Amino acid sequence: MTTAPLLALRSVSKKFPAVQALDTVTVAVNGGQIHALLGQNGAGKSTAAQIAAGLDTPDEGHVEVAGSPVLFGGRADAIAHGVGYIPQADSLVDDLTLVETLALSQTHRVVRRRKLTARLRTTASQAGVPVALDTPARHLSRGERQLGELVIALAQGARVLLLDEPTSALGPREVETLFDHLRTVADSGVAVLLISHHLGDVRQVADTATVLAHGRVIHTGPVADIDDRTLARTIVGDEVRTPPPRTGREPGEDVLVLSGVSATCGDPVPVRDVSLRVRAGEVVAVVGVAGNGQRALAEVAACRIAPVTGTVSSGQRVAYVPEHRVDALLPERAAWWSAMVTRLREPAFSRRGGLDAVALVGAASALFDRHDVRPRNPDVAVTALSGGNQQKLLVGRELDNRPDVAILHGPTQGLDLVATRAILDEIRRAADAGTALLVISADLDEARQLADRLVVLSKGRIIADVPAGELDDTVLWRLTSGLPSAEVAPGRTAAGNAK
Ligand SMILES: Nc1ncnc2c1ncn2[C@@H]1O[C@H](COP(=O)(O)OP(=O)(O)OP(=O)(O)O)[C@@H](O)[C@H]1O
Ligand SMILES: [Mg+2]
């Protein structure tokens with residue numbers, strides 16, 4: 001006798017005003033398995049997960065839990081059916097601890113804190129996931145937040161876990177930790193649906209893969225039966241081009257200079273005594289385990305926060321893509337507002353003392369075309385764009401203005417292979433046009449491909465600053481894995497900064 005999958009979508013269709021997001025999609029996730037859900041930006045992955053999580057309802061078809069059709073009345077109902085969900089943008093509230101977040105999801109009027117703490121602690125230890133239960137989420141690193149959400153879902157009694165791009169902002173070591181835990185959880189019989197753009201993730205941890213394209217299932221089967229190349233081609237068609245190599249021009253003058261900067265932005269790790277310069281036409285990539293001061297560095301370099309000590313000197317026009325893209329977008333408004341918000345004061349967009357909406361929408365449309373933001377409709381709300389398309393909109397907007405300096409924190413997070421290439425091309429073009437770029441990336445391969453220089457950040461300090469290509473793989477891996485810098489070959493550390 002075969003057991004029914006713990007979770008299934010059966011012939012699910014979902015239409016939004018502008019697009020058929022899902023078209024008769026069937027996906028079945030078995031207990032004990034990790035099932036990867038893949039596809040380009042806008043393919044329908046998050047929509048499928050949201051329907052399975054009870055956050056949205058199908059127009060046609062239905063959801064099944066352990067073989068029985070269910071009609072979720074909302075998220076709480078899905079939790080009661082054992083469906084855990086970790087959304088694409090993390091759902092923890094900065095000021096709340098994990099225990100408090102769990103308390104929020106309880107339907108009982110009286111919530112016993114001690115009981116919940118005990119439940120979380122037991123769950124965490126059974127799943128072998130070490131998490132700080134009483135620390136406000138703002139003090140947790142990205143990796144710890146992911147694990148925290150995982151433990152909350154399990155403590156809610158999840159038999160099914162839906163994870164929407166949990167790895168997009170994590171470094172290699174943190175991804176490995178997360179996957180170790182996911183494997184343990186799956187081995188205990190839980191069904192895991194894992195959305196990702198990284199084929200490495202699929203190969204590392206998934207048993208089965210389903211690929212969506214334009215809301216339809218175009219492939220499903222065991223991961224062992226498909227090679228990387230075929231899988232990549234299935235996901236993106238033949239659209240991926242190899243990027244042209246960097247021209248290797250001599251960089252110009254110093255444009256962004258940080259001298260002895262210490263700064264904090266409320267994150268657990270401030271930056272301390274950081275000195276760094278980026279020249280015109282140069283791409284400097286900051287690598288290292290997320291949560292080692294990257295956010296404070298980005299914010300202070302982009303002049304969003306003032307340094308506590310030290311100085312920052314920068315160009316006139318500074319572009320900034322923050323780690324949390326919603327911080328730089330107007331999510332509820334029509335997308336053209338977000339596309340144009342940095343240009344509202346330009347004469348071309350004012351009319352009789354007010355704003356010229358027609359001109360603004362026209363310019364936003366052109367931006368959508370240039371940066372391949374889909375759907376090509378600047379009138380839809382930002383929340384109606386898929387995660388990757390929001391990212392394309394933001395990076396496009398920031399690089400369009402020919403900035404002197406661009407600070408890009410995770411510019412390709414959440415992007416599919418095609419969109420990633422497009423953004424990397426844009427970054428190169430901006431460098432060739434003379435912009436000084438500081439790119440903060442969790443993706444080592446990408447950083448190496450893109451950058452002229454690599455800077456390694458650890459515990460808020462720069463522990464290496466070297467031309468890209470000069471670090472061999474092992475050293476770089478160690479440096480960015482949070483291993484002690486003492487293990488690094490001498491001569492590789494940045495003089496003055498290494499402590
Ligand atoms: N609330 C909404 N209103 C209107 N359209 C929506 C809404 N949510 C999603 N869409 C559209 O549905 C399609 C599928 O979006 P979805 O977010 O599921 O894509 P995705 O595969 O998760 O993409 P990404 O990899 O970029 O996160 C997209 O065309 C998107 O613009
Ligand atoms: Mg998505």
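The structure is a predicted model, in which local features need pLDDT of at least 70, side-chain atom pairs count only at pLDDT 80 or more, and totals for chains, interfaces and linings use all residues. Residues are numbered from 1 along each chain as its sequence is written, and side-chain values use heavy atoms, with hydrogens and water left out. The chain divides into domain 1 (7–236) and domain 2 (254–487), with bounds from an automatic or database domain assignment.

**Domain interface: extent**

- Between the C-alpha centres of domain 1 and domain 2 the separation is 28 Å.
- Contact (heavy atoms within 4.5 Å) involves 23 residues of domain 1 and 27 residues of domain 2.
- The two domains bury about 2,000 Å² between them, with 55% contributed by carbon and sulfur atoms; buried area is the accessible area (1.4 Å probe) that two parts lose on being put together, summed over both.
- Of the area that domain 1 buries against domain 2, 29% comes from Asn41, Arg142 and Arg173, more than from any other three residues.

- On the side of domain 1 that touches domain 2, helix H6 (172–187) and helix H8 (228–236) are the elements that give two or more residues; helices (H or I, at least four residues) and strands (E, at least two) are DSSP runs, numbered from the N terminus.
- H6 provides the largest share of that side, namely 4 residues.

**Strand pairing**

- Strands S11 (residues 254–263) and S12 (residues 271–279) run antiparallel and are joined by 6 bridges; pairing requires that DSSP finds at least two bridges between two strands.
- Valine 261 has valine 274 in S12 as its bridge partner.
- S11 also pairs with strand S14 (residues 309–313), in the antiparallel sense, over 4 bridges.
- Serine 262 has threonine 309 in S14 as its bridge partner.

**Backbone geometry**

- Most residues other than glycine have a negative phi, and most peptide bonds are trans.
- Glutamate 165, which is not a glycine, has a positive phi of about 50 degrees; this residue is in the loop between strand S7 (160–164) and H6.
- The peptide bond from arginine 374 to proline 375 is cis, with omega near -5 degrees, and proline 375 lies in the loop between helix H11 (357–370) and helix H12 (387–400).

Definitions and conventions: Chains lettered and ligands numbered in written order.
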